[in-house]
Amino acid sequence: MLPPFILFTALTAQFFYILVNWLFFKRAEYLYYTLYIVVLTLYFLNKYLGDENGIIHIGPLELSKLYPDKILCVLSYILYFKFGRRFVEVEIRYPSVEKLMKRTEKILFVYIFIDILLLATTGYSKIENALFIPVNLSIFIVLIFVFKIMILKNEVLDRFILTGSMFYGISAFITMWVGLKEDPLHNDHMLA
């Protein structure tokens, strides 16, 4: 697994970079990116803080790291989508993409709600784990559709969000694929 100081240094650098950009440019979408960095930090803290049994100890509280894992992951997608839509002004420039992305964000919120219900009623289960795979695949398919539309327009601003989204989508897909047969508590596959 990647040493935590490297990962958290990168996340801290991103956080301060976006904060400085917000101070200079006052663009509201940087709030979503800031929240995205916070959620990613929580996601990776969740990965690193669990003991050998996957339990996170916070004072007298104990929580399985599997509970917030998928919720934080999907919430990071939602926040990144919200940032990206506003960053490249999708509402004005790509109305069809705007509709698709908003619908996707709503579906992802529904997934989070269902995941919370499953965790509250059944605990971590194979159903909850199996539901995560088609959710990730559908996100990847949506990203491919969005990339296709934006690449055809070929504008400079779009290249920034496309590059970041491609790295995000490809690494998420590889991580899921490599970790498919691994035990959910196994951490070595998380940063493929």
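Trainee: Which residues are linked in a network of salt bridges?

Mentor: In this predicted model, the network of salt bridges links K82, R85, E98, K102 and E105. A search of the whole structure finds 5 salt bridges. Let us begin with helix α3, which covers residues 66-87. This helix has 22 residues and reaches 32 Å from its first C-alpha to its last, close to the 32 Å expected at 1.5 Å a residue. Helix α3 is mostly covered, with 19 of its 22 residues buried. Just after α3, E89 takes a positive phi of about 50 degrees.

Consider next the pairs that involve E105. The side chain of K82 meets that of E105 in a salt bridge, at 3.0 Å from N to O. Because K82 lies in helix α3 and E105 in helix α5 (residues 95-122), this pair ties together parts that are 23 residues apart in sequence. K82 counts as buried, at 16% relative accessibility, and E105 is buried with a relative accessible area of 3%. R85 also forms a salt bridge with E105, and the closest N and O atoms are 2.8 Å apart. This pair likewise links distant parts of the chain, with R85 in helix α3 and E105 in helix α5, 20 residues apart. Both R85 and E105 are buried.

The pair E98 and K102 belongs to helix α5. Their side chains meet in a salt bridge, at 3.5 Å from N to O. E98 and K102 are separated by about one helical turn because they are 4 residues apart in the helix. E98 counts as buried, at 9% relative accessibility, whereas K102 is partly exposed, at 39%.

How values were computed: Residues numbered from 1 in each chain as written. Predicted model: local features only at pLDDT ≥ 70, side-chain atom pairs only at ≥ 80, totals over all residues. Heavy atoms only, no water. Helix = DSSP H or I, 4+ residues; strand = E, 2+ residues; numbered from the N terminus. Expected span 1.5 Å × (residues − 1). Buried < 20%, exposed > 50% of the residue type's maximum accessible area, 1.4 Å probe, protein only. Salt bridge = Lys/Arg side-chain N within 4 Å of Asp/Glu carboxyl O.
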